Amino acid sequence: NTNSTKDKRDIFYRLAKEEGYRARSAYKLIHIDEKFKIFNGVSKAVDLCAAPGSWSQVLAKKLRENCQEMAKTVSVDIQAMAPIPGTIQIQGDITNLSTAKEIISHFEGDKADLVVCDGAPDVTGLHDLDEYIQAQLLLSALNITTYILKLGGTFVAKIFRGRDISLLYSQLKIFFQQVIVTKPRSSRNSSIEAFVVCKVFQPPEGYEPIMYNLLLDNTSKSYFENINNPVNQIIVPFIACGDLSGFDADRNYPLNTPTGSSSYKYSEPTQKPIAPPYQKACELKKTCELAKQENE
Ligand code: SAM
């Protein structure tokens, strides 16, 4: 039967059923921890995009072993999730400020030691689009993480190793001292999925976590209140170059402005366009036929 065929083909799918995990992805988090010890000293953890809940099961178990009654795991997903003992569950969107506020309300004024995100949008099958949406989801996860993670904390998230991956690494490096990408052996080789392990959360000095999303949310009150924070504006370093006291590309200058030659003389362009899109219009204009065609 087809079920036993799948058991034979996928050892982690079979193990998950045997060991009581809701999904085979549990082993990805277990393998990441074996290598990077992400649960060391962790008593408060958040699982973003948690349904059906196998990562939350791992978190609940590991934190219970770490610190018994102090342990607290909060799991979030847009979709409903069956309850997991020892886990607080929130049904919500990770791109919403209200979700971020609800998460930290469970930590009594404190923040999380660890945030994990195995989020994935519905795959369309169009690779470029899937990579783009996955990158957007990772940035949303980073955005909410800057709101709910304590200084020095750890962030683990799924990424697709696509063409623009170095741009994502640079964004993560702005917020974490250490950024490593890893592929657990339980993650299929045929998938471009990998995971970033980001340690020692250290946002730039003056950065305020405000959770606005320019694409979705540019009319919100918090956006306008915080847009003037220079650190939030300059997430990607901006470096001006050239002679900054020289000519200004946006100004008009009188024709006798000294540009090296003493008086103004018109010069032809060094190389005119070979086949400009307006070529036909120029030819018609020369024979006064352009206006005629327009009138017709
Ligand atoms: N780690 C989970 C486990 O081990 O059971 C599996 C997570 S599953 C691959 C990805 C989840 O991301 C889906 O349940 C989906 O609903 C959730 N998701 C996608 N976008 C989301 C968003 N904006 N907010 C909250 N959850 C989201």
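**Group meeting: local features of a predicted model**

I begin at the start of helix α2, residues 11–19, where a side-chain oxygen of D10 comes within 3.0 Å of the backbone nitrogen of F12. Helices here are DSSP runs of H or I with at least four residues, strands are E runs of at least two, and both are numbered from the N terminus. Just after α2, G20 has a positive phi of about 80°.

This is a predicted model, in which local features need pLDDT of at least 70, side-chain atom pairs count only at pLDDT 80 or more, and totals for chains, interfaces and linings use all residues. Residues are numbered from 1 along each chain as its sequence is written, and side-chain values use heavy atoms, with hydrogens and water left out.

Is S187 buried or exposed? S187 is buried, because its relative accessible area is 3%; buried means under 20%, exposed over 50%, and partly exposed in between, with a 1.4 Å probe and protein chains only. The side chains of S187 and E193 are joined by a polar contact of 2.7 Å. Such a contact is a pair of N or O atoms within 3.5 Å; within protein, one must be able to donate a hydrogen and the other to accept it, and residues adjacent in sequence count only if both atoms are side-chain atoms.

Finally, helix α6 spans residues 127–148 and contains L129. With 37% relative accessibility, L129 is classed as partly exposed.
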